Amino acid sequence: MEYMDEQILALMNSLKQEKLSVSIKDWSTISLQTLIHLDGETVSLTERLLLNERISMTMPKTFKKMEEEDALLKYPSCHRPGLIFANNTGTTNLTFNHTSSELLESEMELFKNEMVHILKNTERLMEWYGDGIIRIQNQLAGYCEFITPTLSTPVYNLACFVTLEERALIITFNCMEEEVKLWRPIAKGLMGSLVIQAKREGELI
């Protein structure tokens, strides 16, 4: 009887772990078509190698790397992202910031919670959409999404946190609030396309 109880307990623990693993959404499964339709215009998507080919990500072909002078105007803080892509008008952006903050995958939930705490205590937030832990290409990632005010129009932000070479990589998508319904599902698909490239032999981190 005791052996049977142990088997049942083991099965329950197994089912609990299985439920936990499937309860985490996998953004890699979000379908992105080769062509997307934005305001009646068909836009092609392309995969780009970024950060010295350490990552790859799908984004609209119309997104161009922002020039330094434009980045200084849009992000006047000294903490601006290291790499910024934007549409032709500069109103929709995809930014990449490989920080110096050490981060292991096992620490992702703690890191995400700390980021949420910082945002809620330092930023002027109009609306908090949510936050959580997801999967991207079989690795854990944190995210949060929210609306912030600007001088011209409120802005939707989707921030995603992953570990790259044991340091936090923060990827942020933002667009005008009036375009949230259009961009929000696409933005999550773009995040889900992120691939951490294998470290090349002999390469130093």
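Guide: Welcome! Here an open sheet of seven strands runs in the order β4-β5-β6-β10-β9-β8-β7, with antiparallel pairing. This is a predicted model, in which local features need pLDDT of at least 70, side-chain atom pairs count only at pLDDT 80 or more, and totals for chains, interfaces and linings use all residues. Residues are numbered from 1 along each chain as its sequence is written, and side-chain values use heavy atoms, with hydrogens and water left out.

Visitor: What makes β4 and β7 edge strands?

Guide: β4 (64-65) and β7 (127-136) each pair on one side only. Strands are DSSP runs of E with at least two residues, helices are runs of H or I with at least four, and both are numbered from the N terminus.

Visitor: How do you know that β8 and β9 pair?

Guide: Two strands pair if DSSP finds at least two bridges between them. β8 (residues 139-148) and β9 (residues 155-164) have seven bridges, in the antiparallel sense, so they count as a pair. For Tyr-143, the bridge partner in β9 is Cys-160.

Visitor: Why is Asn-52 called exposed?

Guide: Exposed means over 50% relative accessible area, buried means under 20%, and partly exposed lies in between (1.4 Å probe, protein chains only). Asn-52 has 62%, so it counts as exposed. Asn-52 sits in the loop between β2 (41-50) and β3 (55-60).

Visitor: And why does Glu-165 count as partly exposed?

Guide: Glu-165 has 22% relative accessibility, so it falls in the partly exposed class. You will find Glu-165 in the loop between β9 and β10. Its phi is positive, about 55 degrees, although Glu-165 is not a glycine.
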